[in-house]
Number of protein chains: 2
Amino acid sequence: MRYFVRYGEIGIKSPKIRRKFEKILMNNIRSELKCSFKNNQGRITLLTKEDDEKVRSTLSRIFGITSYSPIIETKTTKEDITNLIKEIIPKIIEQGKFNPEKDSFAIRCRRVGEHNYSSQEIAAYCGSVVVDLTNAKVNLSNPDFVLNVEVRENKTYMYHEKIRGLGGLPVGSQGKVICLMSGGIDSPVAVYQMLKRGCSVALLHCDNAPYTSGTLDKVIENTRKLQKYSAGSEVELYTIKYGDYLEYIIKEAPPRMTCVLCKSGMYQVADIVAEKIDAHAVVDGSSLGQVASQTLDNIKSSRYYCRLPIFSPLISFDKLEIEAIGQEIGTYETSIIPDGGCSAVPKYPETHSDLKLFRWTSNRINLRQKIEDTAETIEKIEF
Amino acid sequence: MRYFVRYGEIGIKSPKIRRKFEKILMNNIRSELKCSFKNNQGRITLLTKEDDEKVRSTLSRIFGITSYSPIIETKTTKEDITNLIKEIIPKIIEQGKFNPEKDSFAIRCRRVGEHNYSSQEIAAYCGSVVVDLTNAKVNLSNPDFVLNVEVRENKTYMYHEKIRGLGGLPVGSQGKVICLMSGGIDSPVAVYQMLKRGCSVALLHCDNAPYTSGTLDKVIENTRKLQKYSAGSEVELYTIKYGDYLEYIIKEAPPRMTCVLCKSGMYQVADIVAEKIDAHAVVDGSSLGQVASQTLDNIKSSRYYCRLPIFSPLISFDKLEIEAIGQEIGTYETSIIPDGGCSAVPKYPETHSDLKLFRWTSNRINLRQKIEDTAETIEKIEF
C-alpha cells in the first residue's frame, strides 16, 4: 500500500530546516513501520507492505503529520485512469463509503507536468466515468463523496480519504526536556503537549514514599502510554527517592511551607538532572489556580532557584480540557486510580508564599545541599 | 429578564475561596450590565432589565461562566406550571426553536424542597401538557428539543436554552501578570489565555522604533479587543522606548546575538516593571520551534536573567491553533496588518545560543545598566 503523508509547519521552514525535519519525521515513522519513502516537493509518499489498519493507527499518533491518505496509482492516459476508477469505485461502494443512490460526488483534480489534457478536462472526464458507472449526482460545491485525482508527471494518484493527523512537530526535532511526572492527571498531559511540539522527553518521578504509595506503578503505566506518541525517541524514565527530603523539610521548616518547598525541590532536582542528561528545559503540569498550591505567589517562590526555563504547557488550561486530553491519550484512566494522596501535606498549606521568607528559610536550613544529595539517588527505570 | 449563570471550577474550591470567586464573577458581570443577583447553592441567578442580546453578548465573553440560560419563573402548583408552559411554548415555536411537526421533545425535571409531587410525576405531567398543546412526539433519550423545569422550594424555573460560556476563572481572581505584547499574532492570544485563567493583565509593548513602525497602533487596537474579555479589570497598557537599547546591542555585541539579547532585554524590562505595578509573572507568546528564535537554546539564554516566572501559555500550540483563537477573539485581523517587520534582525540570527557566551557578552557590555535605563522610559497609554 501507498500513502500520502502531509505535514504542516515543517513546510514553512527554510529548505535546510525542512529537510532535517522531514528526515526526523520519516525516521520516526520507520521506527514503527517497515516502509520506504519517496519525498517529492514537500510531500512524502510512504510505501509499505504492512497491514492498512496498523499503518493508520501508527500515523495517527506520530506528531508532525497533519493528514494522510491511502492512495492508489496508475499511469496518466485516459484509458489507465478510466480503468483505475472502474476498479476502485465498486470497492469504495462495497466498503459503504459512497452510496451512489443517495450521495452526490465531486472529482477534485490537481495536475503537475505536461499532459495532453488540462486539470479541468481530466476532472470532467473522470466525473463522466463515475456517472456512467454509478449514475450518482455531481455536486461540486458540497459533495457527499470526493474522489481526488492527482496527475503528477508520469503518474496518476487517486484517493478519497484524508485522515487527520495530530499536527505538531516531529518528536526529536526540538531537543530534550525533563518533565516532572506524578501519578496524577495533569503531568502526563503536559508531557504529551511537549512531545507535540517536537521535544524528546525524559520523565522525572520524585517518589515521595513513605508519604505516598503506589504512584510509581501508575507512572510506569502512563510512561508506556506516552511512549506511543514518541515513535523514534525513547521516553526516558527516572526516579528520585524524595522521602528523605520531605522528612527533612517537615522537620526543619514551618509546616505551612512544606508544599512550596517540596515543589521547589522538584524543580531544583530536575535542574540538576537536566545537566546530566542534556535536557534544556523543565516541564510540569501546573495549571494556574487549579489547586491551592498553584497561585502566582507560590509559583514565584517555588521556581526561584531553578536556573533552566520552566514550561507549563497547561498553565492556561481548564481542568476539563486537561481531562479530555488525558482521556484521548489513555493516561486519564491510570491517573485516577486512587493512591491515597500525599500524607506530607499539612493541614493549612501556604497559598500565598512570601518570596523573602521562602529564600530566608531555604538558606537557613541549607536546602541546596539536601537537594544535591537527593539528586544523587537518581535511578533510570526500564519498562 | 432572569438568567441562570453556571460556573465550573469555582464550584470545586473551598467554601471561602468559592465565595470570593463568586463575588469577583458577579462584580465582573455588574461592571458591564445593570443587574442584580441571587446566589443560591452554587448557582447564580442574574436579574436585569437590559436587552437580551446585550446580556448574551456580555455573558459570552466573561471568563468563569461555563454556561447560562434565560429563565422564566412561576409558582409551584400544577396550575401555575400549566399556565407557564402554555404561555412559553407558542413563543418558542414562533422563534423557530421547536417545530412540533418535526421535532421530538423531552422534559428534564429537577426538584428541591417539599412538594405534593415527585420529580418524575411533574416531568410526566409537563410532558402531557406539551403533548396536548402541540401533539409533538416524546423522545427521552435523544430529543430534538428539551424543556427544563426546575422546582426549587416555592418557585418553578423553566428554560430551554443552555448557552456555553468561555469557562476558565473570573478575571481578577488570580493576581496580576505582565504580558509582552507585540504587533504580531501570538502575544494577544497569550494574553487572552491568561485572562482565561483569571489573571488581571498589564501589557508591555517594547517599541522598537526606528527599527519598526506602526506597531503601537496595532497594539492599542488589540488591547481594546482584549479589554472586552477583561470585564471588571482594566487591561493596562505600557510602552517602553526600546530603540536605544537595540541600537546599543547592535553596536556592542555580535550581530548574530541581536535577537536573543533583544528578547532577554524584554524579559528583564518586564521583570523590573512588574515590581512597580505589582505583577507576579511575565507572560509571552512563545511557541516552541515556531520560528528560528524559539529554540530551547535561545529560550534558555534569553530567560536567564529574568527573576520572575515566565509563562508561555502557547508553548505547545501549533500556529494554526493560535491563529484560530486570534480569529475567534478578533485580534488576528489587526495582527496581520503589514508593518514591515523589524529591521534590526541580522542576516543570520543565532538559533542555538550558547548560555556561557551569552552571559559573558551581557556582562562585557554592561547590559543590565542599559536595561535599567531603558525601563525608565516607561509610559502608560490610555486608550
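Which residue forms a salt bridge with Glu372(B)? In this predicted model, the partner is Arg368(B), with the closest N and O atoms 3.3 Å apart. Both residues belong to helix H13 of chain B (residues 367-375), where four residues, about one turn of the helix, separate them. Glu372(B) is partly exposed, at 32% relative accessibility, and Arg368(B) is likewise classed as partly exposed, at 36%. Elsewhere, in chain A, salt bridges with shared partners link Arg43(A), Arg110(A), Glu150(A) and Arg152(A) into one network. Over all chains, the count comes to 50 salt bridges.

The salt bridge between Lys218(B) and Asp339(B) has its closest N and O atoms 3.0 Å apart. Lys218(B) is part of helix H6 (residues 215-227) of chain B, whereas Asp339(B) sits in the loop between helix H11 (332-335) and helix H12 (355-364) of that chain, so the pair ties together parts that are 121 residues apart in sequence. Lys218(B) is buried, at 5% relative accessibility. Asp339(B), by contrast, is partly exposed, with a relative accessible area of 23%.

Chain A and chain B also meet at an interface, to which chain A contributes 42 residues and chain B 41 residues. The area buried between the two chains is about 3,300 Å², and carbon and sulfur atoms account for 54% of this area. Of the area that chain A buries against chain B, 19% is supplied by Arg197(A), Leu296(A) and Ser316(A), more than by any other three residues.

Four salt bridges are found across the interface of chain A and chain B. Arg197(B) forms a salt bridge with Asp318(A), in which the closest N and O atoms are 2.8 Å apart. Polar contacts between chain A and chain B, with both residues at pLDDT 80 or more, number 18 residue pairs. On the side of chain A that touches chain B, the elements giving two or more residues are strand S10 (176-180), helix H5 (186-196), helix H9 (296-302), strand S14 (310-311) and helix H10 (319-329) of chain A. H9(A) provides the largest share of that side, four residues. By class, the side of chain A that touches chain B comprises 18 nonpolar, 11 polar and 13 charged residues.

The structure holds zero disulfides over all chains. For Cys342(A), which is in no disulfide, the nearest cysteine sulfur is that of Cys262(A), 6.4 Å away; a disulfide would require the two sulfur atoms to be within 2.5 Å. Cys342(A) is partly exposed, at 28% relative accessibility. Cys126(B) is in no disulfide either, and the nearest cysteine sulfur, belonging to Cys109(B), is 6.3 Å away. With a relative accessibility of 0%, Cys126(B) counts as buried.

Notes: Residues numbered from 1 in each chain as written. Chains lettered and ligands numbered in written order. Predicted model: local features only at pLDDT ≥ 70, side-chain atom pairs only at ≥ 80, totals over all residues. Heavy atoms only, no water. Buried < 20%, exposed > 50% of the residue type's maximum accessible area, 1.4 Å probe, protein only. Contact = heavy atoms within 4.5 Å. Buried area = accessible area lost by both parts, 1.4 Å probe. Salt bridge = Lys/Arg side-chain N within 4 Å of Asp/Glu carboxyl O. Polar contact = N/O pair within 3.5 Å; in protein donor to acceptor, adjacent residues only side chain to side chain. Nonpolar A, V, L, I, M, F, W, Y, C, P; charged D, E, K, R; others polar.
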